[in-house]
Amino acid sequence: MISSRQKHWNGVYGAKGEAEVSWFQQTPKPSLDLLRLVGAGTDDAVIDIGGGASRLVDYLMDQGFEKISVLDLSEAALRTARVRLGERGAKVKWIAADVTNWEPGELYDVWHDRAALHFLTEPMDQAAYAARLKKGLRIGGHAIIGTFAPDGPEKCSGLPVVRHDASSLSALLGREFVLIDTRRHDHKTPWASVQNFQFSTFRRES
């Protein structure tokens, strides 16, 4: 059964091109910088939560990563990325699912999320997200989570968001996730407005 969240995002990606949404990045530099920070290697299993039509998967494949998964609510968004990648897209695991009720089928070395968690405004959904992260990320793995910063937008794509900083994310994830880096990023939208993001990176300890 398709949820209201899935209907919303399928509608967004069905009506707009990938460069017509505010979160579009030609080059996902903040994410690539943080993947280098955590020492992600080409043999590591990486999952991009809420990856949609993001170009991060393209850059990872260009760098030789072979174990890439992309999860998104919207099948339309995933289809955009698959078509863009052509034959290379067959090497990626495409997962059309809601992260709050998805069951990870493997352990990942890196959990990357740019702008998915902040759409979860209900504590129950936030807790479900954290539970899936704990099931899916191996001990010693890293979680890279980008959200709107405390002074960032209060809404995106017509939906309310919860803005975070490193402290609120640490409280959500719990003591087994050790903060190793936090930084701001001022994202310029395709129409030249600025959205204030923050990225927090955690290492999962036993």
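Residues are numbered from 1 along each chain as its sequence is written. In this predicted model, local features need pLDDT of at least 70 and side-chain atom pairs count only at pLDDT 80 or more, whereas totals for chains, interfaces and linings use all residues; side-chain values use heavy atoms, without hydrogens and water.

Helices (H or I, at least four residues) and strands (E, at least two) are DSSP runs, numbered from the N terminus. Nine of the twelve residues of strand 5 (residues 137-148) are buried, so this strand is largely enclosed by the rest of the structure. Buried means under 20% relative accessible area, exposed over 50%, and partly exposed in between (1.4 Å probe, protein chains only).

| Strands | Sense | Bridges |
|---|---|---|
| Strand 4 (residues 108-114) and strand 5 | parallel | six |
| Strand 5 and strand 9 | antiparallel | seven |

V110 stands opposite H142 in strand 5, while F148 has F197 of strand 9 as its bridge partner.

The largest nonpolar core has 27 residues, of which V57, I68, V92 and W94 touch the most other members. Such a core is a set of buried Ala, Val, Leu, Ile, Met, Phe, Trp, Tyr and Cys residues joined through side-chain atoms within 4.5 Å. Helix 3 (56-62), strand 5 and strand 9 are among the elements that each supply at least two residues of this core. The largest share, four residues, comes from helix 3. Apart from this core lies another of 24 residues, among them Y108, L169, F177 and F202.

Notes. Pairing = 2+ DSSP bridges.
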